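Here is a short briefing to read with the model open beside you.

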Amino acid sequence: MCQLLGMNCNTPTDVTFSFSGFAQRGGRTDHHADGWGIAFFEGKGVRHFVDHQPASNSPVATLIREYPIKSRTVIAHIRNATQGVVALENCHPFVRELWGRYWVFAHNGDLKDFHPRLHGNFQAVGDTDSERAFCWLMQEIWKSHAGVPSVEELTLTLRELTPRVARHGTFNFLLSNGKALWAHCSSNLFYLERRHPFAHAQLADEDLAVDFARHTTPQDRVAVVVTAPLTTNEPWTQFQPGELRVFADGVRVG
């Protein structure tokens, strides 16, 4: 299975520490070596980087580790191909526009016999089940709302739509429009909320630690969602199968 990483904050924050450990799972501490990608929301814009090379030795991943881009919402993905060839167009996260806003999506899992009818506004570029699922979700969200829905409204819509995809297989995913981060668990997903008083954290996949108290203020809030815990000394909470949770301003809101 692939690896997911999501971060949602109440103030622009860099993801360097978490991404440093996460990237090692792309061919070094784990076997996921079929590409990777990351997307950062900045205002109405999105910085989007993908590469079909393993994340552990990708020059683009090195750039991300060394260049602390700050964002309030980040989605990253390391690919273990189950459907679709190893190619740039099949690397997550995927990005689409709806209602003048970017939407970002990444999926971990394998959907069998999932070939929904898609209209012209949302078509897959690559040949993965993941991108088809994203296009279908965007299509159905567009059909369900006349304009950008509130976080609460979109959460209700996603809770209706997600089981229709999940019945085809494993459907762990992260979705964001820059306002919030939605996370759905079919099999394996964990989350953590960092807040004052911030503590020392040790990565599980790399010999790297950080004292967050030196780099934060008492007002900072950071929520991290990941396929498997990134650190060895923080209180990660495991999702229940079938659970959809939403994070905004660095805390869980649903």
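In which helix does R132 lie? R132 lies in helix 3, where helices (H or I, at least four residues) and strands (E, at least two) are DSSP runs numbered from the N terminus. This is a predicted model, in which local features need pLDDT of at least 70 and side-chain atom pairs count only at pLDDT 80 or more, while totals for chains, interfaces and linings use all residues. Residues are numbered from 1 along each chain as its sequence is written, and side-chain values use heavy atoms, with hydrogens and water left out.

**Around R132**

- R132 counts as buried at 14% relative accessibility, because buried means under 20% relative accessible area, exposed over 50% and partly exposed in between (1.4 Å probe, protein chains only).
- Leaving aside residues up to four places away in sequence, R132 touches Q83, F114, H115, P116, L118, A124 and D127; contact here means heavy atoms within 4.5 Å.
- A polar atom of the R132 side chain lies 3.0 Å from the backbone oxygen of F114.
- L118 is 14 residues from R132 along the chain, and their C-alpha atoms are separated by 8.4 Å.

- Six strands make an open sheet with antiparallel pairing, in the order 5-6-7-8-14-15; two strands pair if DSSP finds at least two bridges between them.
- Its edge strands, strand 5 (94-98) and strand 15 (251-252), each pair on one side only.
- Strand 5 runs antiparallel to strand 6 (residues 101-108), joined by five bridges, and R96 stands opposite W103 in strand 6.
- Helix 3 (residues 129-144) lies across strand 5, strand 6 and strand 7 (172-176), at about 15° to strand 5.
- Helix 4 (residues 151-166) lies across strand 6, strand 7, strand 8 (181-184) and strand 14 (244-248), at about 25° to strand 8.
- For these angles, axes are lines fitted to C-alpha atoms, for helices over the stretch in contact, and angles run from 0 to 180 degrees between N-to-C directions.

**Nonpolar cores**

- In soluble globular proteins, nonpolar side chains tend to be buried together.
- The largest nonpolar core has 28 residues, and those with the most contacts inside it are F105, L158, F171, L175 and W182; such a core is a set of buried Ala, Val, Leu, Ile, Met, Phe, Trp, Tyr and Cys residues joined through side-chain atoms within 4.5 Å.
- Strand 5, strand 6, helix 3, helix 4, strand 7 and strand 14 are the elements that give two or more residues to this core.
- Helix 3 provides the largest share of this core, seven residues.
- A second, separate core of 20 residues includes M7, I69, I78 and L230.
- Not counting residues up to four places away in sequence, the contacts of W182 include V151, L154, L158, L175 and V246.

**Strand 2 and its partners**

- Strand 2 (residues 36-42) is mostly covered, with six of its seven residues buried.
- Seven bridges join strand 2 to strand 3 (residues 45-51) in an antiparallel pair, with E42 opposite G45 in strand 3.

**Cysteines**

- The structure holds zero disulfides, a disulfide being a pair of cysteine sulfur atoms within 2.5 Å.
- C9 is buried at a relative accessible area of 1%, and C135 counts as buried at 0% relative accessibility.

Conventions
Polar contact = N/O pair within 3.5 Å; in protein donor to acceptor, adjacent residues only side chain to side chain.
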